[in-house]
Amino acid sequence: MNSYISEVNYHDFHELLMNNHIHIDQSLEQRLLSVLKNNVYAIDNATYSFVLVKYMSKFTDLENDCIRTLISSIRKQS
């Protein structure tokens with residue numbers, strides 16, 4: 001399981017987003033963090049991460065590649 005996302009705080013997550021050139025408003029950042037924390041298994045599982053990417057792209061209007069990059073960064077943090 002991905003321990004990084006389970007323990008990350010909002011400020012550190014915001015930094016991760018900025019490092020990946022993802023600029024969204026604070027409420028979406030918090031929602032995105034919440035979705036990721038509630039779907040930790042999907043981050044490390046290719047089949048489920050595909051579904052997670054699709055879901056997150058719908059409510060954030062981010063490109064799928066952008067979200068995949070974010071998930072890859074989270075995997076590297078673990």
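Contact means heavy atoms within 4.5 Å. Helices are DSSP runs of H or I with at least four residues, numbered from the N terminus. With those terms, S49, L52, V53, K54, M56, S57 and T60 in α5 meet N64, I67, R68, I71 and R75 in α6. This is a predicted model: local features need pLDDT of at least 70, side-chain atom pairs count only at pLDDT 80 or more, and totals for chains, interfaces and linings use all residues. Residues are numbered from 1 along each chain as its sequence is written, and side-chain values use heavy atoms, with hydrogens and water left out.

**Helices α5 and α6**

- The axes of α5 and α6 lie 9 Å apart, at an angle of about 125 degrees. (Axes are lines fitted to C-alpha atoms, for helices over the stretch in contact, and angles run from 0 to 180 degrees between N-to-C directions.)
- That angle makes α5 oblique to α6. (Angles under 35 degrees count as roughly parallel, over 145 as roughly antiparallel, 65 to 115 as roughly perpendicular and the rest as oblique.)
- The contact of α5 with α6 is made by five nonpolar, four polar and three charged residues. (Ala, Val, Leu, Ile, Met, Phe, Trp, Tyr, Cys and Pro count as nonpolar, Asp, Glu, Lys and Arg as charged, and the others, Gly among them, as polar.)
- The crossing of α5 and α6 is right-handed. (A crossing is right-handed if the near helix is turned clockwise from the far one by less than a right angle, and left-handed if anticlockwise.)

**S57 and N64**

- S57 sits in helix α5, which covers residues 46-60.
- N64 belongs to helix α6, residues 64-77.
- The side chains of S57 and N64 are joined by a polar contact of 3.1 Å. (A polar contact is a pair of N or O atoms within 3.5 Å; within protein, one must be able to donate a hydrogen and the other to accept it, and residues adjacent in sequence count only if both atoms are side-chain atoms.)
- S57 counts as buried because its relative accessibility is 13%. (Buried means under 20% relative accessible area, exposed over 50%, partly exposed in between, with a 1.4 Å probe and protein chains only.)
- N64 is also buried, at a relative accessible area of 19%.
- Leaving out residues up to four places away in sequence, S57 touches L62, N64 and I67.
- With the same exclusion, N64 touches V53, K54 and S57.
- S57 and I74 are 17 residues apart along the chain, and their C-alpha atoms are separated by 17 Å.

**R68 in α6**

- R68 is in helix α6.
- R68 counts as partly exposed, because its relative accessibility is 38%.
- R68 and I43 are 25 residues apart in sequence, and 9.7 Å apart from C-alpha to C-alpha.

**Helices α3 and α5**

- Helix α3 (residues 26-38) and α5 have axes that come within 11 Å and cross at roughly 165 degrees.
- That makes α3 roughly antiparallel to α5.
- The crossing of α3 and α5 is right-handed.
- L28, R31, L32, V35 and L36 in α3 meet L52, Y55, M56, F59 and T60 in α5.
- Of the residues in the contact of α3 with α5, eight are nonpolar, one is polar and one is charged.

**Helices α2 and α3**

- The axes of helix α2 (residues 10-19) and α3 come within 10 Å, crossing at roughly 105 degrees.
- α2 and α3 are therefore roughly perpendicular to each other.
- Y10, F13, H14, L17 and M18 of α2 make the contact with Q26, E29, Q30, L32, L33 and L36 of α3.
- The contact of α2 with α3 has seven nonpolar, three polar and one charged residue.

Technical notes. Helix = DSSP H or I, 4+ residues; strand = E, 2+ residues; numbered from the N terminus.
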